[in-house]
Amino acid sequence: MDMSKMPVISLRHDNADALGQQLGDSFKTYGFATVVDHGMDPALVSKAWALTKELFDRPESEKMGGYDKALAGQRGYTPFKTEIAKGAEFHDLKEFWHVGRTVDPSSPLATSMLANIWPPVPGFKETFETLYAEMDKVGARILSSIARYLELPADWFDPVIADGNSILRLLHYPPIAGDAEGCIRAGAHEDINLITLLLGAEEAGLQILRPDGSWMDVSPPEGGLAVNVGDMLQRLTNHVLPSTTHRVVNPSGERSRFSRYSMPYFLHARSDFPIATLPQCISADNPNRYPDPILADDYLKERLIEIGLLKA
């Protein structure tokens, strides 16, 4: 299998089936796809970057006002070197802020969805509520393409992600100060959710693990997205679409003196969705690895415990 260069896929495609084939082939090969022409307003994205930098430039005491340990990092601020990759020895060199979904009070999930925490940064709430909605739309379109690839109705994922517990993460990797003592910006891990849409991946550092054990750099064109399969979609498809191990390595030389920012959107299924293996992804050569379904919320809690954000 040639895994030397990931193709760049335009979402501006007249043939929905052809787009689904391109995305599905990339996900099946790499667990990732790099996409352009996603349709998000560049001015909105630019404003979001400016506000992200302003947020993380604030004093630590101010940022800690948005930290609530009881929330397991699901909303608001998570301090530097809190998260640790599953099975890792060292904590990640990052801090982040989470923005979640605001659901209608009439939704059956309203009582189980955490409330957002907003920092005292002018324009922050309005900007990131808008960006969240835009990322949600792009993610839904990509999942519609994946549904076609899996020979499902194009709208199959619509009820799966309606009011889903998706999270927009604003990530800051500070400059590397001296010897990092074994820590890297993000240890080797897989994502929990269905798919992740990542803005900011054009900055060097993101790598995916090839089957032969080597690492491959991933860097979409400026303004593009790196999109990857999460463990929920891997489980749903019985590993037909793999959730690939990836990491963010430390920069060297002059770049180590600079911060790195990124904005991943973790697109989740709704909390009460039962993740049950798709029948068309089961065969004699690929028997069902997961005969027992699991609710998306239960699966999320299992993984949050593994990465140190939730206590067992």
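Trainee: Where does Thr127 lie?
Mentor: Thr127 lies in helix H4. Helices (H or I, at least four residues) and strands (E, at least two) are DSSP runs, numbered from the N terminus. This is a predicted model, where local features need pLDDT of at least 70, side-chain atom pairs count only at pLDDT 80 or more, and totals for chains, interfaces and linings use all residues. Residues are numbered from 1 along each chain as its sequence is written, and side-chain values use heavy atoms, with hydrogens and water left out.

Trainee: Is Thr127 buried or exposed?
Mentor: Thr127 counts as buried, at 4% relative accessibility. Buried means under 20% relative accessible area, exposed over 50%, partly exposed in between (1.4 Å probe, protein chains only).

Trainee: What is Thr127 in contact with?
Mentor: Leu44, Lys47, Ala48 and Leu51, leaving aside neighbours of Thr127 within four places in sequence. Contact means heavy atoms within 4.5 Å.

Trainee: Staying with H4, at what angle do the axes of H1 and H4 cross?
Mentor: Roughly 90°, and the axes of H1 (residues 16-30) and H4 (residues 124-149) come within 8 Å. That makes H1 roughly perpendicular to H4. Axes are lines fitted to C-alpha atoms, for helices over the stretch in contact, and angles run from 0 to 180 degrees between N-to-C directions. Angles under 35 degrees count as roughly parallel, over 145 as roughly antiparallel, 65 to 115 as roughly perpendicular and the rest as oblique.

Trainee: Which residues in H4 meet H1?
Mentor: Arg141, Ile142, Ser145, Ile146, Arg148 and Tyr149 in H4. Among their counterparts in H1 are Leu19, Leu23 and Phe27.

Trainee: And how does that contact split by class?
Mentor: The contact of H1 with H4 has seven nonpolar, four polar and five charged residues. Ala, Val, Leu, Ile, Met, Phe, Trp, Tyr, Cys and Pro count as nonpolar, Asp, Glu, Lys and Arg as charged, and the others, Gly among them, as polar.

Trainee: Sheets now. What is the order of the eight strands?
Mentor: E1-E2-E10-E7-E12-E5-E4-E3, in an open sheet with mixed pairing. The edge strands are E1 and E3 (76-78), each pairing on one side only. Two strands pair if DSSP finds at least two bridges between them. On average, neighbouring strands of this sheet are turned by 25° against each other, direction ignored.

Trainee: What does H1 touch on that sheet?
Mentor: H1 packs on E1, E2 and E10 (225-229), and its direction makes about 140° with that of E2.

Trainee: And which strands does H2 lie across?
Mentor: H2 (residues 42-57) lies across E3, E4 (95-100), E5 (167-173), E7 and E12. H2 runs at about 115° to E12.

Trainee: How many bridges join E1 to E2?
Mentor: Three, and E1 (residues 8-10) runs parallel to E2. Val8 has Thr34 in E2 as its bridge partner.

Trainee: Why is E2 largely enclosed?
Mentor: Five of the five residues of E2 (residues 32-36) are buried, so the rest of the structure largely encloses it. Phe32, Thr34 and Val36 point one way, Ala33 and Val35 the other.

Trainee: In what sense do E7 and E12 pair?
Mentor: Antiparallel, over five bridges, between E7 (residues 195-199) and E12 (residues 260-267). Ile195 stands opposite Leu267 in E12.

Trainee: What about the sheet of four strands, what is its order?
Mentor: E6-E11-E8-E9, an open sheet with antiparallel pairing. E6 and E9 (215-217) are the edge strands. E6 and E11 (residues 246-248) pair over two bridges, and His189 stands opposite His246 in E11.

Trainee: Next, H7. Which residues of H7 are buried?
Mentor: Ala296, Tyr299, Leu300, Arg303 and Leu304, within H7 (residues 296-306). Down the axis of H7, these buried residues fall within an arc of 135°, so they line one face of the helix. The arc is that of the directions from the helix axis to the C-beta atoms.

Trainee: What covers the buried residues of H7?
Mentor: The cover includes H6 (231-236), E13 (274-275) and E14 (294-295). Gly308 follows H7 and has a positive phi, near 85°.

Trainee: What is phi of Ala72?
Mentor: Near 55°, a positive value in a residue other than glycine. Most residues other than glycine have a negative phi. Ala72 is in the loop between H3 (60-63) and E3, and is buried at 4% relative accessible area.

Trainee: And where is Lys81?
Mentor: In the loop between E3 and E4. Lys81 has a positive phi of about 60° and is partly exposed, with a relative accessible area of 37%.
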